[in-house]
Amino acid sequence: MRRVVAALTALLVLTGCDDAGASPAAATPSTAPAAASGGACQLLDFPVVNAKLGLQYGVAAAATLENTFTCVLQPQKAPLPDLILSVSATTIGPDIYATAVQPKGAAPVQGLGAAAYQRQSPAAEGTGPAVEVGWLAGNKRIIQLTVHLPAGTGDDKATELLPKLVDLAKLIDLSSL
């Protein structure tokens, strides 16, 4: 599952992240909603995401590979911070999710799906820290929501963002039932 999400993320980064195929820096403002990109973007709304996270997304791109649907949101003129949403159908239950999908050391999240976790990752090459929320939805879907912050962003900003991302995940979970 993680390899599929990583492959889809790499594919989206390599192919650009706007509907017209232009680079994100060349994107022109659009009034199209994120849902117009299709796929997992149908679960996202720019005004809601921006209000919940305090960020300014305006570009959306979706992809599908087998039973996994993804969406990447980015600001109009920058590649980061990005928000990646992936949704995959599954047959596993909460016990298998907790042992096979949930990353080691992740903190549990109460009140989200059948099982859920949150975690913060340190800065990596070319990016700042990242925050992630993953859960097993009640309708047998594995959902993961990740934000990568720009290089130079302090860990404190990621720490502040994590509960906001959990709140957004709870909204997405309700919209996916």
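Colleague: Which residue in S7 is the bridge partner of Val 87?
Modeller: This is a predicted model, in which local features need pLDDT of at least 70 and side-chain atom pairs count only at pLDDT 80 or more, while totals for chains, interfaces and linings use all residues. Residues are numbered from 1 along each chain as its sequence is written, and side-chain values use heavy atoms, with hydrogens and water left out. S3 and S7 pair in the antiparallel sense over eight bridges; strands are DSSP runs of E with at least two residues, helices are runs of H or I with at least four, both numbered from the N terminus, and two strands pair if DSSP finds at least two bridges between them. In S7, Val 87 has as its bridge partner Ile 143.

Colleague: Which residue in the turn of the S6 and S7 hairpin has a positive phi?
Modeller: S6 and S7 also pair in the antiparallel sense, over seven bridges, and Val 133 has Leu 145 of S7 as its bridge partner. The two strands form a hairpin with four residues between them, and the residue in the turn with a positive phi, about 60°, is Lys 140.

Colleague: Is Glu 132 buried or exposed?
Modeller: Glu 132 lies in strand S6, and its side chain is joined to that of Tyr 117 by a polar contact of 2.3 Å, meaning a pair of N or O atoms within 3.5 Å, where within protein one must be able to donate a hydrogen and the other to accept it, and residues adjacent in sequence count only if both atoms are side-chain atoms. Buried means under 20% relative accessible area, exposed over 50% and partly exposed in between, with a 1.4 Å probe and protein chains only. At a relative accessible area of 6%, Glu 132 is buried.

Colleague: At which residue does H4 bend?
Modeller: The 21 residues of H4 (155–175) should span 30 Å, and the end C-alpha atoms are 30 Å apart, which agrees; the expected span is 1.5 Å times one less than the number of residues. A bend is the angle between axes fitted to the seven residues ending at a residue and the seven starting there. In H4 this angle is about 30°, with Pro 163 following within four residues, and the bend is at Leu 162.

Colleague: Which residues are exposed on the other side of H2?
Modeller: Phe 46, Val 49, Asn 50 and Leu 53 are the buried residues of H2. They cover an arc of only 95° around the axis, which puts them on the same side of H2, the arc being that of the directions from the helix axis to the C-beta atoms. On the other side of H2, the exposed residues are Pro 47 and Ala 51.
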